[in-house]
Amino acid sequence: MWIALSYACWGISIVLALWMLFDWFKVDTTYSEGVLTSSREGELEAVSEKHRI
Amino acid sequence: MTVAVETAGTAVNGGDRVSLLRVLGPAHVWALGVGIVLVGEFTGWNFSADKGGTLAALIVCWVVGLLYTSVAMIDSEVTSTVAAAGGQYAQAKHIVGPLMAFNVALFLVFAYTMLEVSDAILLGDTIVAKAGIDGLTHNSFIAATIVVLAWLNYRGVLMTLNVNFVITAIAYVSIVILFFSVSPWTQGAVLKLNELVTPGNALPYGWIGVIAAFQFGIWYYLGIEGTTQAAEEVRSPARSLPYGTMAGMITLLIAAAMTWYVCASLMPWEYLGITPYPLWDAGKLTGSPLLENLLFVATLLAAIASANGCINDAARAWFSLGRDRYLPSWFSAVHPKYRTPYRSILFLLPIALAFAFIADLNQAITFSILSGVLQYTFMSINIMMFRKKWPLGSIRRGYTHPFHPLPAIVLFCLCVVTYFAIFLGFGSQLIAMIAFYFLISVWFHFYRYKFVRRGDQFSMPWPKPQGY
Amino acid sequence: MSRYTPPEQSKTGQIFDIVVVVVAIFVALWLPLKLGLAGAAKSIDALDAKTWEALGQNPTMASIWEKLGYTPETAHDVIQNRFHYVIDWPTLIIMAIVLIAYFVFLFRASDREYRDVIIEKFEDK
């Protein structure tokens with residue numbers, strides 16, 4: 001039973017790793033680099049918190 | 001500048017921005033903090049008994065508890081004001097400067113990745129020990145842990161931390177169940193503290209052993225400061241982060257005290273100091289199969305919760321480095337559908353796997369502790385500079401910690417003691433690590449920094465710091 | 001002060017930088033393992049008489065060892081494997097110097113970079 005579990009673990013790892021690689025490839029070819037890396041630090045703070053006493 | 005106000009599931013079209021999603025509440029912050037740390041009760045803290053005896057383990061449990069209470073207080077104040085992914089990295093960038101920030105981010109990535117590696121090794125070894133079959137190795141279990149959790153992190157932060165909340169709670173409750181089922185109020189029936197810890201063996205190495213024990217005492221609480229990594233995904237960081245972090249610290253102090261009491265009353269210190277799974281062993285030694293199996297499952301769950309939180313935190317620190325171009329900006333991509341730093345998660349995955357296959361538990365833990373202590377040293381100086389550059393009243397703080405500068409001084413002194421403790425036994429490793437950080441800092445300062453935009457790094461809407 | 005515009009990094013340059021960082025991480029973490037520097041400095045103080053009494057275990061402790069599947073012979077290497085704390089002053093001093101030098105460099109270089117950041121952020125407007 002433990003040996004079977006061990007093989008199952010390899011299986012799951014490989015399937016999920018391949019899925020992630022596939023999704024990565026899909027996302028990188030669908031969206032432009034500009035959109036993907038458009039996150040900026042402190043955006044929300046700029047609107048919601050003015051830091052005035 | 002247009003500010004993207006994100007709502008869950010918004011489709012991304014041409015001009016839009018993608019950013020991390022603000023979906024988490026205080027319970028998730030607690031789950032992230034305690035989830036990462038609780039595995040320390042299931043393995044690691046007990047190596048402090050090896051270095052100084054059972055009593056030393058108790059002394060460091062309390063003294064290091066004090067260190068971490070200072071960490072939690074200081075961190076809550078700074079992070080409730082600088083709420084950005086990357087946590088201490090963003091703090092360092094705004095308060096000390098870019099090179100410090102670069103180093104802090106590396107401390108974070110190393111501490112969490114090596115902690116994740118330790119968790120995976122622990123999980124694999126625990127299953128192999130339970131199975132007791134010749135030829136069964138831990139590699140498949142390690143691979144499954146790291147890959148499945150990376151996948152969970154890839155798919156979204158909310159589900160990741162919901163899972164963490166449930167499994168952390170189960171692991172925690174199992175410690176409480178163990179504690180109450182050994183009748184802690186009567187010594188002699190199951191617990192034999194006064195026969196196992198005698199005046200002769202309580203401190204086998206004397207006081208130097210107590211100091212040496214600091215190294216692994218860190219492991220009782222290491223990672224609680226990771227709560228700040230969630231800052232950009234928490235709905236109201238100024239309130240949730242201090243609340244979740246403090247609640248987490250109280251939870252851990254209780255767990256650490258219960259764990260010590262049960263384990264010290266069930267095992268001789270020589271064994272306690274070397275076993276990889278003290279709580280599971282404690283379960284076995286009660287003689288109850290139910291408790292034994294409960295603690296076996298809890299050990300696995302604690303390891304999973306910890307590795308899960310570590311992937312979350314390490315990926316966010318790496319992501320922030322990319323976002324400021326400290327590292328190639330390629331890493332700063334956010335997944336348009338799941339809103340996670342997916343490239344950072346994928347990049348760190350093979351590194352964690354590689355170390356999990358080549359290192360052993362003890363070594364991975366030491367790497368992690370070293371990076372942690374370097375970071376705490378930074379935090380103690382950071383808070384002093386924060387209060388000096390922006391005194392109370394000059395900016396709005398979500399939380400102001402009491403007794404300043406006492407916590408910072410306590411933290412700094414305890415860090416110095418811990419360096420000495422690491423020197424006793426792991427000195428060459430410490431020097432090798434510092435050499436690495438030193439060289440990579442030189443690389444950053446003289447070469448890599450030229451790709452960084454200067455003024456843009458300072459993203460908080462604060463007034464100019466005093467003294468500049 | 002004029003605004004600093006960083007050069008655009010080429011794809012090759014980006015990949016090269018990633019490789020540098022990965023190699024550095026592996027060298028820092030893997031080399032100590034390889035050279036046997038990592039791990040605690042413990043050694044076994046061998047005893048001739050391998051009994052629970054000689055190993056300093058009282059009857060309660062001995063019964064727990066036995067429950068865990070140890071005999072005095074197998075427990076000997078566990079119990080007698082001890083740390084020997086000697087303070088090696090030259091190494092300690094080297095460690096302290098390295099550590100202090102590292103932090104001094106960090107804070108000083110950071111401060112120089114930080115001043116540029118503040119000037120650009122607050123004086124450009």
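This briefing describes chains B and C of the structure and one helix of chain B. The model is predicted. Chain B comprises 16 helices and zero strands, while chain C contains four helices and two strands.

**Chain B: overall form**
- Along its principal axes, the C-alpha trace of chain B spans about 70 × 45 × 40 Å.
- Of the 468 residues in chain B, 65% are buried.
- Contacts in chain B between residues at least 6 apart in sequence join residues at least 24 apart in 82% of cases.

**Helix α14 of chain B**
- Helix α14 of chain B covers residues 342-358, a run of 17 residues.
- From first C-alpha to last, α14(B) reaches 25 Å, close to the expected 24 Å.
- Buried residues in α14(B) include Tyr342(B), Arg343(B), Phe347(B), Leu348(B), Leu349(B) and Phe355(B).
- Within chain B, the cover over the buried residues of α14(B) includes α5 (98-131), α6 (139-154), α13 (289-323) and α15 (361-389).
- The cover also includes α1 (2-30) of chain A and α1 (11-34) of chain C.

**Chain C: overall form**
- Along the sequence, the elements of chain C follow the pattern α-β-α-α-β-α.
- Chain C has a radius of gyration of 28 Å, whereas a compact globule of 125 residues would have one near 14 Å.
- The C-alpha atoms of chain C fill a box of roughly 80 × 35 × 30 Å along the principal axes.
- Buried residues account for 17% of the 125 residues in chain C.
- Among contacts in chain C between residues at least 6 apart in sequence, 62% link residues at least 24 apart.

Terms used:
Residues numbered from 1 in each chain as written. Chains lettered and ligands numbered in written order. Predicted model: local features only at pLDDT ≥ 70, side-chain atom pairs only at ≥ 80, totals over all residues. Expected span 1.5 Å × (residues − 1). Buried ≥ 20, exposed ≤ 12 C-beta atoms within 10 Å, placed from the backbone. Contact = placed C-beta atoms within 7 Å. Rg over C-alpha atoms; globule rule 2.2 N^0.38 Å.
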